[in-house]
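Good morning, and thank you for the time.

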Amino acid sequence: TYPSIATFLHFDTLARREAVADRLRKLKAEVESNPENVTALDEIEDCVHSRYRFERRYAISIMGELGPLAEPKVEIVATFLASPDRFDRDTAAQALAKMGRAAATARDELIDAIYENINSRTGMYSAEALGHIKDRSPEVLNVLTFGKQNAPELFASVYEEALETLNKRDD
């Protein structure tokens, strides 16, 4: 059989999206069942760099769902916090929030993301991620306090909650 015209012309079709989602779910399952399988994690990373938005965002989301298992790829996900595409930024911030403490190496990028996106989902998820990282450094406390004091009420509560999460004792 011959490839479809859509495949040849590199269109992002529904069928392609379904195939990508299926492939990424299978790769996620491989990583979860065998965390030493760096090949599967590397294949997910390849999708993070895709020129297709759906594939890129789905792969970033999968990294977040993998949590600590995706820790070696935190810096790659964090680079999307500075993307000109707001949906890439939102997806990356949300993924880092899901990673919890494993996202600690992205601390500086998360801080920058809040200062640049205080009134957006990127800022909200970045604040959530910083709360989960449990870094009580002055830089983190300052940015979360800045968000709490300067964001509109809807967003300010998220910064306040991140500060509370940050200060909770671990059981």
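Let me begin with a term: contact means heavy atoms within 4.5 Å. Among contacts in this chain between residues at least 6 apart in sequence, 65% join residues at least 24 apart. Please note that this is a predicted model, in which local features need pLDDT of at least 70 and side-chain atom pairs count only at pLDDT 80 or more, while totals for chains, interfaces and linings use all residues. Residues are numbered from 1 along each chain as its sequence is written, and side-chain values use heavy atoms, with hydrogens and water left out.

The chain has 10 helices and 0 strands; helices are DSSP runs of H or I with at least four residues, strands are E runs of at least two, and numbering starts from the N terminus. Along the principal axes, the C-alpha atoms fill a box of roughly 60 × 35 × 20 Å. Of the 171 residues, 46% are buried, where buried means under 20% relative accessible area with a 1.4 Å probe, protein chains only.

I now turn to Ser50, which lies in the loop between helix H3 (38-48) and helix H4 (53-66). Is Ser50 buried or exposed? Its relative accessible area is 11%, so Ser50 counts as buried. The side chain of Ser50 reaches the backbone nitrogen of Tyr52 at 2.9 Å. Neighbours within four places in sequence aside, Ser50 is in contact with Glu55 and Arg56.

Notes. Buried < 20%, exposed > 50% of the residue type's maximum accessible area, 1.4 Å probe, protein only. Polar contact = N/O pair within 3.5 Å; in protein donor to acceptor, adjacent residues only side chain to side chain.
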